[in-house]
Each structure stands twice: as C-alpha cells, then as structure tokens.
Amino acid sequence: MKTSHLIDDSREYLEFVQNWVEALPAARMQDAKIHPASSALISVDVIKGFCSIGPLASPRVNTIVEPIARLMRRLWDLGLRHILLSQDTHEPDAVEFGAFPPHCVRGTEEAETVDAIQSLPFFDQMLLLEKNSIQSGLNTGLEQWISQHPEVDTFIVVGDCTDLCTYQLAMHLRLSANASQLQRRVIVPADCVQTYDMGVAAAAALGGVPHPGELLHHVFLHHMHLNGIEVVGSLE
Ligand SMILES: [Zn+2]
C-alpha cells in the first residue's frame, strides 16, 4: 500500500477519533455508579523516569501528574482505599533494555514515585507493585492481590503510556475478566493518561524508534473503548 493510500484511507477515522476524544464526557463517581468500597485505582508508571528525569521522561506525560494526584485525593475523600502503584523497577541487566534505553533502575531517582503522589498524606497506604516489563499483570503480584480482593469489581486505570503500560494493564484487567466470566468494570479517565512523542527525525538522530504521541494517544484510547474498557474524559 502506498503511503498516500494509508493516509487517505485513514483520514475519515482520524477525524472521527479526534472528535470522539474531544467529546469524551466527564463522569461523576456517583452518576457513574462507582462504589468506593468495591473499587481500586491502579496508577501505572507515574514515576520520575517517565515524567521529569532520564532518557524516557516526557513533558507530555508530566502533564498528567497533577490530575492524577487530584483524582487520588478525590477518591480517597470518597472512601476508596485501594490505590496500587505499578512501577518500573528494573535491574541493570533488564531484558527490556533491548527495546528501550536503560531506565528506572532499582534504587535510582528515576524509579521513584513522583513528588506530587509521594506528598499525599495517604501515600504510605498505597501498595507498590514492582514491574519488569510493560505488562503490570506479569510477575508483579497484581493477580494475587486481585484474588485476595474478590469484592473489588471496578478498576480505575491511570498513568503512562497510553499505548504501552496503561494499555497493557487496562487490557489485562478487561481480558482476564472476560476469560473468567467475571463482571468487572475497567475505567480509564483520559485526562489522567498520556504518552510520549518522538518524531521521525529525532528518532533517527538518537537511534531510536519514532513514536507519534498525539496519534498513538488517540488511537489507543479508542482501541481500549473498542475492547469494552470505559474511557471517560475525566472522573470527578
Ligand atoms: Zn521499563
């Protein structure tokens, strides 16, 4: 397929998905029938190495830190007590470094939760899950936690990146429930999700892989919606 065909063929969808993202409704907890006692918030990779320092830090991703901290405070005030932090905590010889430059190594500042979350008064009551891949469901203890909390049937997923760890986590939660015939809601507030941008020229200069942030953010939000994940504009 020629490039011009790909662009022409995609134009209608891209206009649609842009309008869809812009029109995503804000959802109020009460109206959306989200019950704090049976809900959990999972924040993925809202750590310094993706927000502010190191080779994978992104100003786009940094913009979701404040909305996420605000949402955590709001949910805590409403009585939600299950807040899980799934965070990259790599060893120096991580296999994943074959695909991405070394990042978020255990014990470094990059692997630390961002200050806006660390400074929340209930930070010490959050559960940290260390991960070594972009899939929070693999070798992290997440599945064990879920099996120990059968009353939790609603998962709110926030963090980065829209098309990588956030997508993988939301899809894991959705698909594992589908496979086991579990009634489960997976909710993604779009204002608490973001991904990084790397243009074709910048990637060539750095020896990296191009990553159009705006395009992938939109398409993957829509892809989650396609799979039955509830994507809302924000959660209030
Ligand atoms: Zn990683």
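Leaving aside its neighbours within four places in sequence, with which residues is arginine 106 in contact? Arginine 106 is in contact with Thr89, His90, Glu91 and Glu130, a contact being heavy atoms within 4.5 Å.

## Basis of the description

The model is predicted: local features need pLDDT of at least 70, side-chain atom pairs count only at pLDDT 80 or more, and totals for chains, interfaces and linings use all residues. Residues are numbered from 1 along each chain as its sequence is written, and side-chain values use heavy atoms, with hydrogens and water left out.

## Overall architecture

The protein chain contains 9 helices and 9 strands; helices (H or I, at least four residues) and strands (E, at least two) are DSSP runs numbered from the N terminus. The C-alpha trace spans about 50 × 40 × 35 Å along its principal axes. For 236 residues a compact globule would have a radius of gyration near 18 Å, and the chain agrees because its value is 18 Å; the radius is taken over C-alpha atoms, and the globule rule is 2.2 Å times the number of residues to the power 0.38.

Of the 236 residues, 50% count as buried, where buried means under 20% relative accessible area, exposed over 50%, and partly exposed in between (1.4 Å probe, protein chains only). Among contacts between residues at least 6 apart in sequence, 76% join residues at least 24 apart.

## Annotated domain

UniProt, in an unreviewed entry, places the feature "domain: Isochorismatase-like" at residues 39–198; such annotations may be inferred rather than shown by experiment. Over residues 39–198 the chain is 30% helix and 20% strand, with the end C-alpha atoms 35 Å apart.

## Zinc site

Asp88 (OD), His90 (NE2), Glu96 (OE) and His103 (NE2) are the protein donors of the zinc ion, at 2.0 to 2.1 Å from it. Donors are N, O and S atoms within 2.8 Å of the metal (3.2 Å for Na, K and Ca); water is not among the atoms, so sites may look incomplete. The spacing of the donor residues in sequence is D-x1-H-x5-E-x6-H. Because aspartate 88 lies in strand β3 (residues 82–88) and histidine 103 in the loop between β3 and α5 (115–118), the pair ties together parts that are 15 residues apart in sequence. Both aspartate 88 and histidine 103 are buried.

## Arginine 106

Arginine 106 is placed in the loop between β3 and α5. With a relative accessible area of 39%, arginine 106 is partly exposed.
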